[in-house]
Every structure is written in C-alpha cells, then in structure tokens.
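Please open the model in your viewer and keep the selection tool ready. Each stop below states what to select and what is to be found there.

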Amino acid sequence: MTVPAFRAPKGTFDLVPPRGEAMLAVRDTLAAPLRSAGYGYVETPSFEETTLFARGVGESTDIVTKEMYSFTTRGGDDVTLRPEGTAPVLRAVLENGLHRGALPVKLWYSGSYYRYERPQKGRYRHFSQVGAEILGTEDPASDAELIVLAVDAYRALGLTGVRVLLNSLGSHESRPAYRAALQEYLRGLDLDEETARRVEINPLRVLDDKRPEIQKALASAPIITDFLSPSDRAHHDTVRSLLTSAGVDFEDDPRLVRGLDYYTRTLFEFVHDGLGSQSAVGGGGRYDGLSELIGGPALPGVGWALGADRTLLAMEAEGLPLPGVTGVQVFAVPLGDEAAAWAFGLVTQLRRAGVAADFATGGRGLKGAMKAADRSGAKYAVVVGARDLAEGVAQVKDLATGEQQAISLNGLVTHLQRLV
Ligand code: ATP
Ligand code: MG
C-alpha cells in the first residue's frame, strides 16, 4: 500500500529558502522603526477564548461570522486560532496590568494569524503580520506616529508604490448622526436580503462591500467627514497636518471603512497597486471603545497590522531583489579524510570568529565540492589536501577571479577575516 504524499493544507504554503530568509527580513524591517521608537515586544498565544474575538472583533464582521478557526478542546473550552492581534494584545495588557503603569503603553508584535478565507493570491488561511499598538492616549500624534513608522518601514524595504488612505470614522459624538443618515440612504436602495440586514445591524460595513453594483449605488451616499463633531474634526485635522509635516503623502478616502467593528476616529489603510484585488498591505486605526468591549476600563488606543506576505509580494511586483539572502563567505573544500577533519575544525573557528562559513561533506571529489562552493555564494574557497597539510598551507581561491594563493595554516583564520 502506498501512502499518498502529504501537502500543506489548502490556503497555506511553506516558506523555503530563499523566500524563507526574505520573509524573516521583511518582518525584521517592518518592525525596525518600532523598535527605535520605544515600542516593547509582546507575544501572546496563537489561540484565545472564542468570545474574546466575538466581542472584540465584532459579532457581525466577516472575520467572526465566516473566517474563524474555532474548536472545542478536549476539556470543553471554546477557543479560536487568532485571526488578528489587537484583541489578544489588549487582553494581555489588561491581564498583566500594563495599563496601570506609565501611559501610553507602546507595543509591537509579529506572528502567525489564521482566517478561513477563500484562498487566492495574497489571501491565505495562514499568514503573517507585524503589528503595533499604542494604548492609553487619545493624542492624535500617536495616530500620526504609527502611520509615519509604517511608511518608513515600507521605504526601508525599498517599496515606492505604497499609498496611504486616510479617513476618520468619528467618535460617539459623530457616529450616531452619520449612522442614521447612512441607514436612511441605504434603506432607499434595492439591496439583497443579506445586505439589507446588514444595513440594520451595521450600516457602515455596507460601505466595505466590494461588489461593483453596490459601490456604484454608494456613489452619492452621505460621507462621515460631513458629520464630524468639532473635536473629532480637530483630531482628524491634527493627524493630517502632522503627516504632512513629516513628509508623508496620504489620500483622504471618506468611504474607507475596515472589516473590524472596533474602530473610532482615525482609520487608515496602506495599499499597493501591484497586487491585484488583494491590494491592502496593511491597515489600522483608533479603537477607543475596545477595552470596555472586552471587559476592561476606558483605555483609548490606536494600532496597525501590516501583512508580511503581501509586503513580500509587493516587493516582487516592484522587481526588488529578495532581502535577507546572504549565504556564506568562505567554503572549505577538503580532499581526503585527514583534510576533512581539519576543514571541520577550520570552519568551526571561522564561524566563532564571525566569518560565515560552510564546507563540503561526504568526501566529495574536487569537482563536486567546487560546485557546492559556487552554489554557497561564498567569495572564497579554501581547498586543502593531505599534501597541503604536510606543507602547513591551504589554497585560498577567489571564486570570482579564479586566483589561488597558498596561505600558511597559522595565519589562515586572520587572513580570511581580513579578506571578507
Ligand atoms: P482584506 O480587506 O484584504 O481582507 P483585512 O481588512 O481583512 O484585509 P486586516 O485585518 O486589516 O485585513 O489585516 C491587516 C493586513 O493583514 C492586511 O492589510 C493584509 O495585508 C494582511 N492580511 C489580512 N488577511 C490576510 C490573509 N487572509 N492572507 C494574507 N494576508 C492577509
Ligand atoms: Mg479580510
């Protein structure tokens, strides 16, 4: 009986070299601006109580109604693989009492997220995000800071095609009047049953409906920015002017809404036009009421999550070289058993001295070993046989020029350290 070969589950994929290194580098680069802006690193479990997401993300959102990986454990607990990071991070802040210390609390995180989506390019069931949150302040400077840090991260990766879409959803001061006006407008449209139901439960989500006929019908819908209270407007204007003074271009998009229920006031999305329909590489916003929703005290917050998978796709769309792929600097080619044992020692010493090094294994002959040296990306090969050892030298070969030089074994590590 033959066992069928296993494959990665539908909607998931493996990262193998060199894309594996590229993904690591993308995540590192996305996080670097946060690390130099006073954010602390937080790690939460990959699963949480299901009700955390039901309440925190919103019962009527696509994430909660269609996309969650939920299951009951052997012990009878209802848990869900995290579909997003904000609700878990806020849960961790409250549980660990971080909000009782100095405010604001600035945090970043990086990890795997899970959504039962229809798989397509840029949309997977397992994906990875780098996220940031600022808790305990309503200061619009925090909203602007986060947007600037994301833009700087994309720039550091070499991306030039990321656009910033910006909106304000208003606070409790502005939302009820807007919600009512939007609802009245939507009730006048000829909508399918599900959408009509959404108009009653969560009319703002209808704005996020991507179907062209709906988008067309929404063309003359009322826009939130016409309903902002003076303080919501002032908040929004400050975010906009801080972005401008930081040299960050943005586009006002009064129809921007996002798939999570908890947003208030500032809302933004980072889009890239090289990605087809999955154009959002990241997004976020302010969520001043979320803490109360999950049983905490009033604790305003703002945050974003950047999709590492789509960011890598965007880099490929712009023709940027894969980041993070370094290889080794020196490759040892031993000829014979005695040389093999010696080469093992040399490579160990080189690595300890900070020189990236590798060696040919399995007693390969000169030709095969030199091929491995070329593939390794090394600049230099150290070729050594029994006769070289007897003479106290090794042959150091420049793999680009083919030049070869006998170097005394005593000074070899220092010599290579200087060369690379
Ligand atoms: P979309 O509108 O594309 O479904 P979203 O609003 O659901 O995105 P967020 O919850 O804001 O996405 O997540 C932030 C970022 O994470 C997105 O901008 C995207 O880059 C990435 N992301 C979200 N869902 C997926 C997924 N299923 N596969 C890959 N990346 C994803
Ligand atoms: Mg989504």
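Domain bounds, as used here, come from an automatic or database domain assignment. This is a predicted model, in which local features need pLDDT of at least 70, side-chain atom pairs count only at pLDDT 80 or more, and totals for chains, interfaces and linings use all residues. Residues are numbered from 1 along each chain as its sequence is written, chains are lettered from A and ligands numbered from 1 in the order in which they are written, and side-chain values use heavy atoms, with hydrogens and water left out.

**First stop: the domains.** Select residues 18-173 together with 229-318 for domain 1, then 330-419 for domain 2. The centres of these two domains, taken over C-alpha atoms, are separated by 48 Å.

**Second stop: ligand 1.** Select ligand 1 and the 15 residues that surround it (a residue counts if one of its heavy atoms lies within 4 Å). Among the closest are Arg115, Glu117 and Tyr124. Which strand gives the largest share of this shell? Strand 10 does, with three residues. Strand 6 (126-135), strand 10 (280-286) and strand 11 (301-307) each supply at least two residues of the shell; strands are DSSP runs of E, at least two residues long, and helices are runs of H or I, at least four, both numbered from the N terminus.

Now display the polar contacts, pairs of N or O atoms within 3.5 Å. A polar side-chain atom of Arg115 lies 2.7 Å from an oxygen atom of ligand 1. For Gln129, a polar side-chain atom is 2.9 Å from a ligand 1 oxygen atom, whereas Ala280 places a backbone N or O atom 2.9 Å from an oxygen atom of ligand 1. Taken alone, ligand 1 exposes 590 Å², and the protein buries 90% of that (areas by the Shrake-Rupley method with a 1.4 Å probe).

Select Ser142 in helix 5 (residues 140-156). Is Ser142 buried or exposed? Ser142 is buried, with a relative accessible area of 10%; buried means under 20%, exposed over 50%, and partly exposed in between, with a 1.4 Å probe and protein chains only. Beyond its neighbours within four places in sequence, Ser142 is in contact (heavy atoms within 4.5 Å) with Ile134, Thr137, Arg286 and Val302.

**Last stop: Glu338.** Select Glu338 in helix 13 (residues 337-352). Glu338 is exposed, at a relative accessible area of 52%. Leaving aside neighbours within four places in sequence, Glu338 is in contact with Ala386 and Leu389.

Terms used
A polar contact is a pair of N or O atoms within 3.5 Å; within protein, one must be able to donate a hydrogen and the other to accept it, and residues adjacent in sequence count only if both atoms are side-chain atoms.
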